[in-house]
Amino acid sequence: MSKKKILVVDDEAQISMLLQMRLQAEGYDVILAEDGQAGIAKMKSEKPDLVIMDVFMPNLNGYEAWDKKSQDPEIQKIPMIIMSAKCATKDCYDPYSIVEFMPKPFDIPRFLETVRRLLAPLQPPPAD
């Protein structure tokens, strides 16, 4: 089985590198992008299995990137975790129909569990 590929999009190099090291230690391939615009381009070129994206970035913030991704049939089904240090309540992301939101600083075990859950293959329903 091939490694799952995760795209981390964050303009803070320390956060990107922390996530990259932690995810690689879990056995994932990790790609980095520094803003939403680069993130959308890498979604199209790299076809990651999961995207982890910060909200507040230059050149296309996380919400704008979410909207672009949602409207593009080529990448719209890629699961995404949105994260932010400036916003930790449901009100910050609820209008965007974002399913997964992680406030920063985040709890690493909870973060990794969310990653595993989103990358787990769908299980067929049990036979009757």
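Helices (H or I, at least four residues) and strands (E, at least two) are taken as DSSP runs and numbered from the N terminus. On this basis the chain contains four helices and five strands, which follow one another along the sequence in the pattern β-α-β-α-β-α-β-β-α. The model is a predicted one, in which local features need pLDDT of at least 70 and side-chain atom pairs count only at pLDDT 80 or more, whereas totals for chains, interfaces and linings use all residues. Residues are numbered from 1 along each chain as its sequence is written, and side-chain values use heavy atoms, with hydrogens and water left out.

Of the 128 residues in the chain, 44% are buried; buried denotes under 20% relative accessible area, exposed over 50%, and partly exposed the range in between (1.4 Å probe, protein chains only). The accessible surface of the chain amounts to about 7,400 Å², and carbon and sulfur atoms contribute 54% of this area. Among contacts (heavy atoms within 4.5 Å) with a separation of 6 or more, 63% involve residues 24 or more positions apart.

Seven salt bridges are present in the structure, each defined as a side-chain nitrogen of Lys or Arg within 4 Å of a carboxyl oxygen of Asp or Glu. One of them joins the side chains of Glu74 and Lys47, with an N to O distance of 2.7 Å. This pair links distant parts of the chain, 27 residues apart: Glu74 lies in the loop between helix 3 (62-71) and strand 4 (80-84), and Lys47 in the loop between helix 2 (36-46) and strand 3 (50-54). Glu74 is partly exposed, at 44% relative accessible area, and Lys47 is likewise partly exposed, at 40%.

A further salt bridge connects the side chains of Glu26 and Arg22 at 3.2 Å, N to O. Glu26 is partly exposed at 33% relative accessibility, as is Arg22 at 30%. In helix 4 (residues 108-119), Glu113 and Arg116 are three residues apart and are therefore separated by about one helical turn. Their side chains meet in a salt bridge of 3.9 Å, N to O. Glu113 has a relative accessible area of 42% and is partly exposed; Arg116, at 37% relative accessibility, is also partly exposed. Through salt bridges that share partners, Arg22, Glu26, Glu113 and Arg116 are joined into one network.

Methods. Areas by Shrake-Rupley, 256 points an atom, 1.4 Å probe, with all protein chains shown as cover.
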